[in-house]
Amino acid sequence: MEPLLEVRDLGRRFGGLQAVAELSFAVNPGVIKAVIGPNGAGKTTLFNLVSGYALPDTGSVRFRGEEVRGLLAHELAGRGMARTFQQIQLVPGMSVLENVLTGRHRHTRTGFLAGMLRLPGSLRESRAARERCLETLAFLGLADLADAEAVSLAYGQQRLVELARALVCEPSLLLLDEPAAGLNMRETEDLAGTIGRINATGLTVLLVEHDMGLVMNISHEILVLGAGRRVAEGEPRAIQRNPDVIRIYLGDEDAESP
Amino acid sequence: MAVAGRGFGFTAGLAVAVVAIQIAASASHKVFYLTQLTMSAYAILVVLGLALLMGYAGQASMGQAGFFAIGGYVAAFLTTFNLAPRRDLLFVAFLERAHLLMTRPDGSGGSVTHVHPWAAALFALGFAAAVAWIVAGPVFRLRGHYLAMATLGFGIIVHRLFLGSPYFGGADGISDVPELVLLPGLAITGRAAARVSNYYAAWGLVLLTLWMLSNLIESRVGRALRAIHGSENAAAAVGIPIARFKTQVFVLAAALAALAGVLLTHFNSGIGPSEASVMKSVRYVAIVAVGGMANLRGALVMGTVLTFLSLRGSFGSFDDLVFGGILLAMMLFSPEGIVGGDLWRRLRSTFSLKNRGDDGTAA
Amino acid sequence: MTFDIFLQFCVAGVTYGIIYGVVAIGFTIIYNTTGIINFAQGEFLMIGGMTAVTLQRHLPLPAAILGAVLVAMLAGAAIEMLFIRWLHRPSVLRMIIITIGVSIVVREIALHVWDEKSHALPHFTGDSVSSVALGGARISPQVLWVIGVCGAMVVLLGVFFRATPLGRQMRACASNRDAARLCGINTKNMVTLSFVLSAGMGALAGCVVSPITYVQYDCGTALAIKGFTAAILGGLGSMGGAAAGGLLLGLLESFSVWMLPAAYKDAVAIAVMLGVLFLRPSGIFGSAEAARLREY
């Protein structure tokens with residue numbers, strides 16, 4: 001089975017800092033893969049490189065069998081990659097439903113002229129899009145908040161709205177950037193269940209996360225980064241026991257401060 | 001946000017107001033009010049396009065007067081430049097055979113052969129749109145102050161060009177512009193007998209534009225623009241081609257401004273370089289700001305009031321001061337505008353004990 | 001062209017260029033401390049010149065100039081305290097529109113306080129027809145005053161920033177406002193000071209150049225645009241760049257008359273501005289940091 005996402009020798013430098021170096025890994029279809037590592041390990045950079053928000057210096061990124069390195073974020077979105085952000089990026093002034101509707105952009109075609117004249121085709125398309133979005137909101141338990149102003153929702157709910165927006169893009173790969181950040185324990189448990197349900201529909205998930213409980217709970221595979229390089233990769237239990245992993249998180253025994 | 005029902009109410013109310021004002025003005029023999037309201041309507045066309053660009057797409061433009069002037073001047077030039085002595089040129093002969101030329105008596109007893117007003121108008125629109133399309137590319141690679149200054153610079157260059165060039169009449173501008181016939185019996189012209197019909201034509205166009213732009217905002221494109229404004233990262237993440245949309249909405253706003261320029265030029269039978277001035281651009285921005293940035297109706301109402309008063313001379317020599325002051329006051333106290341509702345919301349929350357401590361209001 | 005004419009162009013270019021440089025430095029001081037591009041910068045020159053003209057009808061010239069500079073400094077402080085200080089994280093667009101609004105209001109108030117005519121101070125030495133020989137050209141002594149006074153201002157400013165505690169505090173504030181605040185520097189006052197300084201410099205420049213160029217109520221706008229152009233030409237954020245950018249712009253404008261009709265002279269600055277923005281936003285001497293913009 002060909003990997004959905006294949007990264008080879010990825011490298012990126014920012015000024016004097018080598019954020020990511022010689023990084024290679026693959027994400028197979030249908031898995032939930034988590035990327036973990038201490039702060040500064042390069043997780044967010046990796047995400048940005050893969051999803052088109054930053055350009056790699058070296059290496060290749062293959063998505064669905066095609067080389068996509070250098071493509072812009074919106075082009076990758078068009079090819080089936082959807083992502084959420086560490087800092088929630090919802091549009092103020094629009095309702096929950098309208099925010100999620102922006103996710104249907106690539107699946108709808110109404111242009112300037114059709115939009116201005118309210119042509120029948122555009123109205124039909126709009127109705128279908130709305131239904132699709134309401135279905136997804138219901139799937140995430142947000143159906144009755146559809147008309148609320150998105151940025152007025154509680155933090156955990158806003159995260160779900162962003163997730164809904166990513167889901168209606170009908171992606172093949174879902175990138176979640178620290179989805180549990182700012183959530184309390186209950187919300188994190190709910191999130192774990194939600195991600196599991198999403199994955200059960202066949203969607204491949206790659207997530208960056210600090211919350212070890214969530215990561216160990218739902219991931220099929222874990223990739224551990226340290227100083228921009230791969231430290232370990234494998235199943236959760238193996239990672240937990242891996243001495244290299246323990247070392248980069250806890251530091252060398254000798255180096256501990258008195 | 002705005003539901004179709006609420007929108008229809010406003011448009012219907014506006015249509016009623018337009019008719020009522022006309023009847024009142026005609027009945028009280030103050031038909032010259034209609035002339036000033038007609039000119040205000042054309043200013044509103046520019047403002048509506050700018051509100052879409054600035055309020056919804058979030059892109060500042062301090063140079064809309066430039067596009068207005070391009071529309072007006074190109075139309076004026078083409079309909080007054082005498083091609084008769086140049087009939088031997090291949091291009092002129094071609095135009096003649098394509099029935100794109102027109103001959104009429106000029107103001108001083110002779111006759112002038114010029115491009116037909118319709119052809120001139122369409123060319124002016126197309127030309128302004130093309131300029132906008134070309135300018136948009138480099139301009140939108142800039143951000144913030146640089147973007148605003150670039151649009152300001154564009155407006156100034158257009159102003160200087162029209163002011164300095166003898167082809168465009170220099171400081172006097174172009175006059176003796178003929179009428180633009182829309183339908184048999186309805187022409188855009190400054191003739192006193194046509195005041196009422198021109199009033200309805202102008203405001204009909206405003207209503208149509210308001211309807212079309214409101215539809216656009218509620219549609220897929222409108223959501224994409226607002227997404228771009230709200231968060232470019234998020235917009236990119238859902239596949240919205242940001243640069244392309246910015247360009248398209250910029251061109252749309254420019255085309256509206258140019259259309260207003262063309263029509264006002266025919267209405268006034270001429271145009272002068274002051275239409276391209278920086279103060280004009282600032283006025284358009286001030287009106288959008290006071291109307292509430294992302295608020296077409298607010299911009300329409302406030303724009304009409306302010307422009308009408310300004311045209312009547314109600315502000316006297318304080319005209320620019322009024323617009324500058326309004327701009328300042330709006331930006332300082334209520335960036336969402338008066339009609340936008342944020343001011344009311346904030347006033348209410350100031351007096352309510354429930355919402356102490358929320359500070360999402362400034363900026 | 002002959003050497004004489006070449007020299008005349010140079011002199012004109014340098015004279016105007018120094019003024020643009022002073023405006024650009026004013027932009028830079030405020031930009032460095034606040035991240036704001038103060039579109040009302042040109043109005044300080046106008047206020048200085050116009051106030052001095054009014055004052056010198058009752059006071060000796062040096063006192064009039066001093067008074068004008070003080071008035072402008074007060075105006076700068078007032079503008080900062082009324083319109084800038086209490087804003088909380090304004091968006092860039094809002095700041096742009098606010099400073100544009102301020103410049104319009106100041107200009108229109110000036111129109112009603114004075115009038116629409118152009119005014120000038122008397123020449124500091126000699127009169128409008130006296131001249132001094134320089135190389136093959138004859139130049140007005142006022143030109144030497146412009147170069148001397150503005151040059152001295154720039155030098156003193158450099159000394160101020162490098163050698164005085166207050167100047168160093170301002171530089172700290174410009175470098176990293178939060179860190180400066182943590183060190184106990186009153187950043188709010190630094191912001192006010194930057195406005196006061198820019199206003200004072202602008203006013204003095206306005207006074208010294210008015211016998212040559214005359215000032216009128218609306219001369220601030222064009223100066224602001226040209227000063228902005230000069231600032232970005234040299235790389236926004238760099239004092240030396242601002243001064244150099246000003247001189248370069250002045251010379252470009254001056255020599256443009258050789259090739260373009262004089263009516264388009266003002267458009268030269270705009271063309272340069274657009275050229276810099278589109279082709280090299282970091283300016284001639286600037287860094288990539290100048291191409292991005294500071295946050296307020």
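Visitor: In which sense, left-handed or right-handed, does α3(B) pass α6(B)?

Guide: In this predicted model, the crossing of α3(B) with α6(B) is left-handed. Helix α3 covers residues 64-80 of chain B and helix α6 residues 144-164 of chain B. The two pack at an angle of about 30 degrees, and their axes are 8 Å apart.

Visitor: Which residues make the contact between α3(B) and α6(B)?

Guide: From α3(B) come A65(B), G66(B), A69(B), I70(B) and Y73(B). From α6(B) come F154(B), G155(B), V158(B) and F162(B). By class, seven residues of this contact are nonpolar and two are polar, with no charged residues.

Visitor: May we turn to the strands of chain A?

Guide: Strands of a sheet pair through backbone hydrogen bonds, and the pairing is either parallel or antiparallel. Here, six strands of chain A form an open sheet with mixed pairing, in the order β6-β7-β8-β3-β9-β10.

Visitor: Why is one side of β6 and of β10 of chain A left without a neighbour in the sheet?

Guide: Strands β6 (81-83) and β10 (229-234) of chain A stand at the edges, so each has a single partner strand. Neighbouring strands of the sheet are turned against each other by 20 degrees on average, direction ignored.

Visitor: In what sense do β3 and β8 of chain A pair?

Guide: Strand β3 (residues 32-36) of chain A pairs with β8 (residues 204-208) of chain A in the parallel sense, over four bridges. Within this pairing, L207(A) in β8(A) is the bridge partner of A34(A).

Visitor: Which helix packs on the sheet?

Guide: Helix α1 (residues 43-51) of chain A does, touching β3, β6, β7, β8 and β9 of chain A. The direction of α1 makes about 150 degrees with that of β7(A).

Technical notes. Residues are numbered from 1 along each chain as its sequence is written. Chains are lettered from A and ligands numbered from 1 in the order in which they are written. This is a predicted model: local features need pLDDT of at least 70, side-chain atom pairs count only at pLDDT 80 or more; totals for chains, interfaces and linings use all residues. Two strands pair if DSSP finds at least two bridges between them. Axes are lines fitted to C-alpha atoms, for helices over the stretch in contact, and angles run from 0 to 180 degrees between N-to-C directions. Two residues are in contact if their C-beta atoms, placed from the backbone, lie within 7 Å. A crossing is left-handed if the near helix is turned anticlockwise from the far one by less than a right angle, and right-handed if clockwise. Ala, Val, Leu, Ile, Met, Phe, Trp, Tyr, Cys and Pro count as nonpolar, Asp, Glu, Lys and Arg as charged, and the others, Gly among them, as polar.
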